Each structure stands twice: as C-alpha cells, then as structure tokens.
Amino acid sequence: MKATIATLPGDGIGPEVMVETLRVLSAIGSKYGHDFTTTESLIGGIAIDETGNPLPDETIKTCEEADAILLAAVGGPKWSDPTSDVRPEQGLLKIRQHFGLFANLRPVKTYPALASHVPLRADLIEGVDILFVRELTGGIYFGQRKEMGDSDEAYDTMLYSRPEVERLAHVAFRAAQGRRNKVTSVDKANVLASMRLWRKTVVQVAEDYEDVELEHLLVDACTMHLLTRPSSFDVIMAGNMFGDILSDEASVLAGSLGMLPSASLGAGRFGMYEPVHGSAPDIAGQGKANPIGMLLSLAMLLRYSLELEEEARAIETAIDDVLADGLRTPDIASKGEAVCSTTEFVDAVLAKLA
Ligand code: NAI
Ligand code: MG
C-alpha cells in the first residue's frame, strides 16, 4: 500500500518519541512491503517560535494532503504565560475542529509485567483491555454556557442530537466487532433528558449490530465498576464529559501515562493519532521518555486509517514481548530494576519486528 502520514513532532519529548516511532513505521513498511511517505510540519510552541501561529496554514495544508496525522505533544513552560493570546494548545483544538474529529478512542490495557505499578489487586486487573469511545465535539463542553455577571448563578447546557449520538455509536459498535463484541454505553438516563435521547439512539443503532452485546450503565455506577470489574469491559462509549472523566480514571489501570495512545476520528478513515501524555518538559532531552504511548498511537493509525490490522498487531505484540523481557523506561521501572533509554526500548521493539 502507498500512504502519506503527516507528522507533527511538536515540543518537549514530542520530537524524541516521534523520531523513534518513525523508525518503527519504516520497519513495518519494509517488512510488509508498504510505501509510507511522511511529511513533517510545525505545531504548538515550535510553530509559535517560527511563525507566530500554533497551527500555521502550511501545516493544515500538509495534513489535508495526508491519509492520517501522527502528532506527538505540544506545550511547555516557555509558552505557558497565561496572559499571552497565542498558546500551543490552541493548535490542538483548531486541528481537531478543522478535520471534524468527533470520536476520541482511548484504549486502556493492563500488562502483567507492570502489575506492581497499578494500585489495584493483581487478580482484578488481569486481562483488562478497554477501548473508550468518547464524543469529542459536542455535549456539555460545547453547549451554551453563561456566568451571569456578579450574580450567584451560572449554567452550562448538555445538548446532544440524534445524528451526533448515532455517528459515535457506529464507531463504537464497529470497533467492538473487531474486538470482543461488547459495547457498554454510559449515560445518566435516569435524570437527564439528553441522556434519555442518548440511550434511545444507542438502542436503535444496536439493531444494526446483532453480533454485539449492548450493556447500559449509569455513569456513577460505571466509575465503581471500572475499579471492581475492569476486565469485564470491551468498548465503553460515553459523551464528552463522562468520557473525559472515566478515561482519566481508567488510565490508572495501565501503569503510566506514557503508555496510553489515542485516536481522534471523523466521518471517513482520516484521523489524528497521538499519545495521551503531554510534552513532559521535566524529562525532555534526557532519553527517558516512554515511547509506548506514541508507538501504540502509530498502531492505531495503521488499524483505523490504513486498515492494516496485522501490522498494528505486530507493533502491539512486539511491545508486549519487550515488556515481558523486562525492558523498562524509568517511569515503569520498579525500585532496583534496571532502566533503559527511549532508543534502547525501541531498538528492542525493532528486534522483535525483524
Ligand atoms: P505531561 O503528560 O507532559 O507530564 C506529566 C508527567 O508524566 C510528568 O512527570 C512527565 O514526566 C510524565 N510523562 C509524560 N509523558 C511521559 C512519557 N512518555 N514517558 C515518561 N514520563 C512521561 O503533562 P503536564 O506536565 O501536565 O504538561 C506538560 C506540558 O504538556 C504542558 O505544556 C501541557 O499543556 C502540555 N500537554 C500537552 C498535551 C498534548 O499535546 N496533547 C496533553 C497534556 C499536556
Ligand atoms: Mg481530561
């Protein structure tokens, strides 16, 4: 296959994990006979420094010409002046809006080798493999809101339309078909009107997917079930706010922030893929960054935008194997365990792929 991937290294550890991830992309291309082209452009703080704009038009144009976007991380203390009108994070919001990326997919998985890093009993977290499908461009984060001057009242509005819920549900059910055929839809239908529409719509969409089991959970109950029976979940779909909160809660199950990937998808196969972590300025330039979140983001890009399931799995399996062999970047090393650098970890992944 021929494909073009727009790469946005950004700031802090971004360029470090990007360089390493592109080595893996190139290895996958050679191994499976694909012709991958990458086009690098500016976003975030470095884009502000060089052009005055966190998302230059040139970057948008390059991304429009690509099949998918791979983004590392943006931001850092240099651009964190709260009084400044121009901030790196604006680049992220603008690019999500520009490409209509309404579905945010966040897989959370536990690794037996890292069980000691998770503050839950080992038998509880065994085999946890959850895919969050969070609505990203609607709901209460985008509804009308108002702080009424000096009065003691303010409001936010949670509004969902049937098409917004439908398109997200299709993403969730299709994803479940490639996994363990179960969708848990999270809502608060016992109280909120928007969430009754949510549930009704999900039930209707489910009729198209008879092979997928559908479970409904109220969001408050879901917070508890995530800690008491995390391995019973497959795909969890939720609105913008509930998905935000639940996926942060679930990230604890993985062991380190540096392990988590994400995909933001729109209507077609185009998408943007990025690790959940930020630019980690505290460890930037030291070879300490955990590359797993970024590598797994590449695996998601191959799976969803390029439909290369086998290649995606090859990367995921190689990471599992390297962890099982005991390689640890500092963030996932237990006391007394030897640590490796970002590059050494990726060398080991490449050796597994060879
Ligand atoms: P952060 O995710 O950059 O770092 C939080 C902690 O996790 C730090 O101790 C860091 O060293 C560690 N960490 C993060 N990624 C790691 C990795 N791959 N390997 C090992 N350790 C890792 O979040 P923080 O410190 O709140 O934000 C730093 C900057 O990143 C800020 O400017 C923030 O706005 C930006 N940010 C950008 C995001 C993005 O580009 N999507 C997301 C979150 C924050
Ligand atoms: Mg959050």
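Mentor: The expected span is 1.5 Å times one less than the number of residues, and helices (H or I, at least four residues) and strands (E, at least two) are DSSP runs numbered from the N terminus. This is a predicted model, in which local features need pLDDT of at least 70 and side-chain atom pairs count only at pLDDT 80 or more, while totals for chains, interfaces and linings use all residues. Residues are numbered from 1 along each chain as its sequence is written, and chains are lettered from A and ligands numbered from 1 in the order in which they are written.

Just after helix 1, G33 takes a positive phi of about 70 degrees. Within helix 1 the buried residues are G14, E16, V17, M18, E20, T21, V24, L25, A27 and I28; a residue is buried if 20 or more other C-beta atoms, placed from the backbone, lie within 10 Å of its own, exposed if 12 or fewer, and partly exposed in between. The cover over these buried residues includes strand 1 (2–10), strand 2 (35–40) and strand 3 (68–73), together with helix 10 (292–304), helix 11 (309–324) and helix 12 (342–353).

M18, which has its place in helix 1, counts as buried because 22 other C-beta atoms lie within 10 Å. Leaving aside residues up to four places away in sequence, M18 touches T7, P9, A72 and M294, where contact requires C-beta atoms, placed from the backbone, within 7 Å. The C-alpha atoms of M18 and L8 are separated by 8.2 Å, and these residues are ten apart along the chain.

Now for the sheet, which is open, has ten strands in the order 2-1-3-12-11-4-5-10-8-9 and shows mixed pairing; two strands pair if DSSP finds at least two bridges between them. Its edge strands are strand 2 and strand 9 (213–218), each of which pairs on one side only, and the twist averages 25 degrees from one strand to the next. Helix 1 packs on this sheet, touching strand 1, strand 2 and strand 3, and its direction makes about 165 degrees with that of strand 1. For such angles, axes are lines fitted to C-alpha atoms, for helices over the stretch in contact, and the values run from 0 to 180 degrees between N-to-C directions.

How values were computed:
Two residues are in contact if their C-beta atoms, placed from the backbone, lie within 7 Å.
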